[in-house]
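I opened the model to take notes chain by chain. The entries below follow the order in which I looked things up.

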Amino acid sequence: MDFALSSEQLEIRELALKFAKNEMIPHAQEYDEAGTFPHEIFRKAWELGLINTCIPAEYGGTGFSSVDSVIISEALAYGCMGMNTSFMANDLALLPIVIGGSHEQKKKFLEPFTQDFKIASFCLTEPGNGSDAGGIKTQIKDGGDHWIVSGEKMWITNAGYADLFVVYGTIDPNLKHKGISAIVVDPKSPGIELGKKEDKMGHRSSDTRGVRFNNVKVPKENMLGKPGEGWAIAMKTLDHSRPLVASSALGGSARALELCIQYSKERIQFGVPIAKHQAIQFMIAEMGMKVEAARLLVHKAAWLCDQGAHNTEIASYAKAFASDSCMQITTDAVQIYGGYGYSKEYPVEKLMRDAKLIQIYEGTSQIQRLVMARELLK
Amino acid sequence: MANVLVFTELHDGHVKPVTLEILGKLAGQTADVAVIGDIAADQVAELAKHGAQNVHKLKGANLDKYSPEGYANALAEFIKSKSYDYVFAGATSMGKDLLPRLATKFDAGLASDVVNFTMDGGSFAGTRPLFAGKCLAKVEITGPKPHFVSIRPNALGMTANPTAGAGAAADVNANAGEIRAAIKEIIKAASTKVDLTEANIIVTGGRAMKNAENFQILEKLADTIGATVGASRAAVDSGFAPHSMQVGQTGKTVAPSLYIACGVSGAIQHLAGMRTSKVIVAINTDPDAPIFTRADYGIVGDLFQIVPILTEEFKKLLGK
Amino acid sequence: MNIFVCVKQVPDTETKITPNGDGSFIETASIKWIMNPYDEFAVEQALLVKQANPAANVTVVRVGSVKDTEALRTAMAMGADEAVLVEAVDNLDSYSIAKALKGAIEKTGKKPDIILTGKQAIDDDALQVPQILAEMLNLPSVSVIVGFELAGNTVKVKREVEGGALEVYEVATPVLLAANKGLNTPRYASLPGIMKAKKKPMAQFSLADVGVSDADRRVKYSGFKLPPEKPAGKKFDATDATKQKDVVAQVVGLLRTEAKVI
C-alpha cells in the first residue's frame, strides 16, 4: 500500500500547476466572458507535453499511465475547468483509437498528434440520444469501397477546430448495441456541416457545437475494429475517460478550496477573519474532506485502469462523487465569498458555473449511479 | 572603539544620504570616509558634520567610471595600508556589487543589507531582514578583519544632532589594476527619478490602474511630492509597468518614509517588499483589501477620484 | 564551451515563513522548495547559449540539502546537461557557499567559459555569492544583467542600476554573470524534458570533498523573529463623492502633523 506519488509524478504535477497558474488562471476570466477558444494556451500546453497524454510511447506519445493523466488533468482543471474540457476532449477522441485501432490506424491517426498541434473531437451524443447512447441514429452505410456516414451529432467539444473526428454510428439501428461502430472521419470531408457555437452557462471558452453528416464518404480503413465493435470500444474508453473527467472536477474543487482558505483568512467580519467563525470553518472542513476523498477515488480508478483491472464501478464512483462534490464545494465557495462571490470580479462564480457541466457530460451523475447499482447488484 | 571606513558614492557630486545615515549611527567610533575621485568642499563639510574624521579621495587612472574590479582593487590597496576594523557602505546598486568582491580580497565576511546595528565595545552586531522581510535576524561577522557591512538606504534614518568630525580631506594615489569588465556605455533611464530602493517617498499602482496610461495620474502625484512611482506585481504582469518598477518579493524591496499604495490589493508577496516603509497610505475600493491591514492611513474609495484630490491637497500643503 | 549555472533552492514566494523554536533559523519542515526565481533566468540564458552553440555543455551546480533536489532536476528538465550537488545545511553563509561552488566547479575538471547565477537568492537576500565566487575564481563579473549578447568570446551585457539606467559592459570570457528578471523568459520544463532529466548525470559531493569546513563561515545569523506587527491604522471612508475632499485633506494633514513625513 502506497499513497505517495513518485518523484516523477510530483514533477509532472508541479509543471502542470505552474502552467495552470501562469498561463491559464490569469486569462480564465477573460476567455470565459468572451467565450474565446483558448487556441494559443492549448498549443502551449501541447508543446509542453500536457496534451494527448493517452498516446502510447511507441506512437510518439509520452506513454503516460492513467494515474499520470489524471494528475495532469487535475492541475489543468485547477487552472480552468472550461479550458481543460477542450484539452481533455483530445484524449476522449483519441482513446477509442488507442483502444480499438490497429497498428496501422494508430500510426496513421495518433502520430500526427505528437508531431504537430492538432485538435480532435469525440462525436457520440445526438439531439435525441444523450444518456441513452445505445439508441444512436447516425448511420454508417457500406458504400462499396468506402463508408457513408449520415446523421446529426450534438454538444461536440472542439468541433469548430477539430482536425479529426471519431464518430459513433450504427450499421443497423435494429442491431441496437451490436450495430454500433466507431469510425475516424476527416472534418474537412465534403458533406460535413458545423452548427453554431453554443452559448453556454459555463465552460464558455471550450467550443461546443452540433455537427451534421450529410452522406459523408469515409475510407474503409477508418473503421476502428470491425463493424459493430463500437459499443465495446466505447465501454472500454469510458473506463479510461471517467477517471479523467472526474479529475477535472477535482481540479475545480481544489481551486475553490484554496481560494476559500485564502479569502476566509483575509475577509474580516465582526472584527475577526471569517475563518475564525465556525460556520465558515465547517464549510471549509467539508470542502477539504470531499477534495481528499474525490482524489483518492480518482487515483484508485486510474490506478485500477493501469493495472488492467476492472474499474467500471470505481470509475463511476469517482466521476459521480468528484463532480457532485465539485458542485457542492463551488456553491459553498460562492457562499463563503458572499456578495463578492456572486460578482464576476471574483473567481468563484465561474467555478460554480463550470462545476455544473461535469455532473452532466460524460455520463450524468444519475447514469453513474445506474452503473454503480448494476455493478453492485450483478 | 573601532576604526571604521565608510565608502561613499557620489550622485551628481553629492554624497549619498545613506553615507550620512551610517556616519551618524557610528557616533563614538573613529570613522573615516573613502570616495573614488574628487569631492567638493561643501560635501566634505557635510561628511564632517555627520562625524567623518578623514576623507580619503582615491585618485588614479581608470577610476573615472565604476567597475567592480577597478574599485575593488583600488579600495583594497588603500584599506590594506590602514588598519580598519570595519568597512561600511550603502546597500546601493554599486555597494551590493562591489562589497562582496572587496571583502573576498581580505577573505573577510560581509553582512549585507543591514537595517540597524550596534557597535557595543567597538564590535558590530546588526539586524537584517531575510526572506524579503518576512523574518528579521541578528547578524554577526567572524573571521579575518576588516569586517564589511552594507546598510540599506533609509533604514537607519538621519541622526538628529550628529557629533562632528575633523573632516580632513586628502588625496590618495589609487591603483585600479586590471579591469576586465568595464562599462562601455550608460543608457539613461527614461525617468530621472530616484531609484525605488533609495526613494524617500513611493507611489505605487496596482492592477486597479487598468492600463499603462493611467499611471500618469500617479506620476503627477509623484512629481508634486518628489516621489518615485512603483507598481505591484499584478500591474507589472498585466503589462502596465516595466519590471524595474515592481515592488515586492520578486521585485524591489523598499523602505521609504512614505508609501502610497493606489489600487494595490496587498498580496503577501507585495507586502513583503514594502512592509518596512515607515508610513503607509492605501487607497482601495475594497474596504477589506489586505493592504489596509498594513496601512497607517487607509482611504476607502476609487483611486481615480482620490489621487487627483490628493495631488491638489499636497500642492496646497507644499505651497506649489 | 563550458557553461556553469549556480542555482539555489529557496522557499516558494507564497510560503509563510516562521522562525524555528530556538530562533536559529526558520521552520523548514513544511516549506515548499522551488528554484530561486532569479536562477531561472540564469538557466534560461545558458540554454539559449547552448541553442546557438550546440557543442556547449551546461552544468548546473547547487549547494544545499539533499532531501529535495527540485532545483537541479528542474534545470536538467529545462535542458541542462548535467548537475553537481554539494550537500550542505540550508543556512550556510555566502562565503561558504561560494567556496563550495568553486570547489564543485573545479571537481568537474571543466574550465568554465561562462558562469551564470541569479542576481540574488530570495531567502537570505545577501547578494554576495556571484561576486565572491568571481573573485575566488579570479574572474570578471557583471551583476543584475538584463541584456546578453555573445559574439565569439566577447559578451556584451547590460546591467540594471538605480532608476532603471543601464550600464553596458563588454567582457571577454571567461566571465561570471548574475541575471535579473527581464533578461529572458525562462522556458518550462516540458514533460519529455522531465523524463529525459532522469537519465542525466548528477554528481554529489560533501562540503569536505570540495574543501569547505566550519572555519569558512564568515557570517552568523541568530535570533530569527517575525517583524513587529504594526498597530492598527486609521481608515477613512471616501466612497461618497461629497466627502472625498474632506477625507483627503484630513489624511494629508495627518501625514504632516502626526506622521511627520511631509
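What share of the contacts in chain A between residues at least 6 apart in sequence join residues at least 24 apart? I found 76%. A contact here is a pair of residues whose C-beta atoms, placed from the backbone, lie within 7 Å.

**Ground rules.** This is a predicted model, so I noted its limits: local features need pLDDT of at least 70, side-chain atom pairs count only at pLDDT 80 or more, and totals for chains, interfaces and linings use all residues. Residues are numbered from 1 along each chain as its sequence is written, while chains are lettered from A and ligands numbered from 1 in the order in which they are written.

**Chain A, overall.** I counted 11 helices and 10 strands in chain A. These are DSSP runs numbered from the N terminus, with helices being H or I of at least four residues and strands E of at least two. The radius of gyration is 21 Å, close to the 21 Å that the globule rule gives for 378 residues, so chain A is as compact as a globular protein of that length. That radius is taken over C-alpha atoms, and the rule is 2.2 Å times the number of residues to the power 0.38. The C-alpha atoms of chain A fill a box of roughly 80 × 45 × 40 Å along the principal axes. Of the 378 residues in chain A, 52% are buried. Buried means 20 or more other C-beta atoms within 10 Å of the residue's own, exposed means 12 or fewer, and partly exposed lies in between, with C-beta atoms placed from the backbone.

**Chain A, domains.** I read the domain assignment, which is automatic or from a database. It gives domain 1 (7-115), domain 2 (120-227) and domain 3 (231-377) for chain A. The C-alpha centres of domain 1 and domain 3 of chain A are 20 Å apart. Their contact takes 24 residues from domain 1 and 24 residues from domain 3. On the domain 1 side, α1 (7-34), α3 (66-79) and α4 (81-100) of chain A each supply at least two residues. By class, that side has 13 nonpolar, 8 polar and 3 charged residues. Ala, Val, Leu, Ile, Met, Phe, Trp, Tyr, Cys and Pro count as nonpolar, Asp, Glu, Lys and Arg as charged, and the others, Gly among them, as polar.

**Glu375(A).** I found Glu375(A) in helix α11 (residues 365-377) of chain A. Leaving aside neighbours within four places in sequence, Glu375(A) is in contact with Thr312(A) and Glu313(A).

**Chain B.** I counted 9 helices and 18 strands in chain B. A compact globule of 320 residues would have a radius of gyration near 20 Å, and chain B agrees with 21 Å. Of the 320 residues of chain B, 58% are buried. The assignment gives domain 1 (3-173) and domain 2 (196-317) for chain B. Their C-alpha centres lie 31 Å apart. The contact takes 9 residues from domain 1 of chain B and 12 residues from domain 2 of chain B.

**Helix α9(B).** Helix α9 (residues 303-317) of chain B has 15 residues and should span 21 Å at 1.5 Å a residue; its end C-alpha atoms are 20 Å apart, which agrees. The expected span is 1.5 Å times one less than the number of residues. Its buried residues include Leu303(B), Ile306(B) and Leu310(B). The buried residues of α9(B) pack against elements including α5 (215-225) of chain B and α6 (244-257) of chain C. Just after α9(B), Gly319(B) takes a positive phi of about 65°.

**Chains B and C.** The contact takes 74 residues from chain B and 73 residues from chain C. The chain B side has 35 nonpolar, 18 polar and 21 charged residues. I then followed a strand pair across the chains; pairing needs at least two DSSP bridges. Strand β13 (residues 182-187) of chain B and strand β9 (residues 166-172) of chain C run antiparallel, joined by 5 bridges. Ile186(B) stands opposite Glu167(C).

**Strand β8(C).** 5 of the 7 residues of strand β8 (residues 154-160) of chain C are buried, so β8(C) is largely enclosed by the rest of the structure. Antiparallel to β8(C) runs β7 (residues 141-151) of chain C, with 6 bridges. In their hairpin, with 2 residues between the strands, Gly152(C) takes a positive phi near 60°. 7 bridges join β8(C) to β9(C), also antiparallel.

Technical notes:
Two residues are in contact if their C-beta atoms, placed from the backbone, lie within 7 Å.
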